[in-house]
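Try each one before reading its solution.

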Amino acid sequence: MSIIAISRQVASLGDEIARAVSEKTGYKFVTRHDLEKRIVDLGFPQEKLKKYDEKKPGFFASLVKDRDEYLNYLQTAVLEAAAEGNCILIGRGAFLILENLPNLISLRFVAKKDVRIKRLMDEFDWNEKQALQRITESDTNRKGFHKSFFNIESDDPSHFLMVLNTGVLDVEKASDSIVMMNKTLITPEKENAGKEKLDELIKCQHLVNKLIFEYKLNIEFLRAVIDGKNLVLQGVADSSVLVERALKISAVELPEYNVTSSISVVQDFKTRI
């Protein structure tokens, strides 16, 4: 199996190219609405989704635990969708959540501003001012989303296998290039290695979710990382007792791993409400 993750500017033909690749490969196109539904089905409240979904959280929204819960649900939704195999995911930082998979093709679609303005004017019958306002708002939100949740610049090309200028390439040519790239680069060896790595990522995320949502452990920025037969917990806690409890639970949940902690204990650290 292989996975295609797309990051895109608004009006850069992201959905159109993704659908074309889906039709040519038979891959499932996981849309933004599909991911939103998965996040809500996992347990994140629908009414809170608009505060975080592909936008920078406001000041107060960024200080509450909902922010971290959203990220955990988002990562779970992306990982579980990717585990179904042979799929195309668009937006929501999927290219970062899946970045270390050997069978990932990560792409970014861009176009010059005047091209994007014209597309929006044609699609929505907007004037130039309305189209420019939409572009500015979208670019700001997406930049803020990636900086807030992943601490990266979304337009940094080093995170992508390829950046495609859709002001030059139309849907047909762009989708053909992606299909050919997928056939050429993703070998059976990469598919197997990717599946193993994805299985590890899902185990780690499910463990984190269990510790946070089921056992209610107040460990901030909690992560689990597997390296061979070792599993390391990372994060920040205000008590060594919490760390010990997390270690014991993890050892029971995943007994096949040697569980250790890199959680920082800060005595005056206050968890968010």
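**Exercise 1.** In which hand, left or right, does helix 2 pass helix 4 in their crossing?

Solution. This is a predicted model, so take the geometry as computed from it. Start by locating the pair: helix 2 covers residues 32–42 and helix 4 covers residues 65–83. Their axes come within 9 Å and cross at roughly 120°. Angles of 65 to 115 degrees count as roughly perpendicular and those over 145 as roughly antiparallel, so helix 2 is oblique to helix 4. Finally, the crossing of helix 2 past helix 4 is right-handed.

**Exercise 2.** Classify how helix 9 and helix 10 are oriented to each other.

Solution. Find helix 9 at residues 188–214 and helix 10 at residues 240–253. The two axes cross at roughly 135° and come within 11 Å. Helix 9 and helix 10 are therefore oblique to each other. As for handedness, helix 9 passes helix 10 in a right-handed crossing.

**Exercise 3.** How far apart are the C-alpha atoms of Lys-24 and Val-252?

Solution. Lys-24 sits in helix 1 (residues 14–25) and counts as partly exposed, at 34% relative accessibility. Val-252 is 228 residues away along the chain, and the C-alpha separation is 45 Å.

Key:
Residues numbered from 1 in each chain as written. Predicted model: local features only at pLDDT ≥ 70, side-chain atom pairs only at ≥ 80, totals over all residues. Heavy atoms only, no water. Axes fitted to C-alpha atoms, helices over the stretch in contact; angles between N-to-C directions. Helix = DSSP H or I, 4+ residues; strand = E, 2+ residues; numbered from the N terminus. Parallel < 35°, antiparallel > 145°, perpendicular 65-115°, else oblique. Left-handed = near helix turned anticlockwise from the far one by under 90°. Buried < 20%, exposed > 50% of the residue type's maximum accessible area, 1.4 Å probe, protein only.
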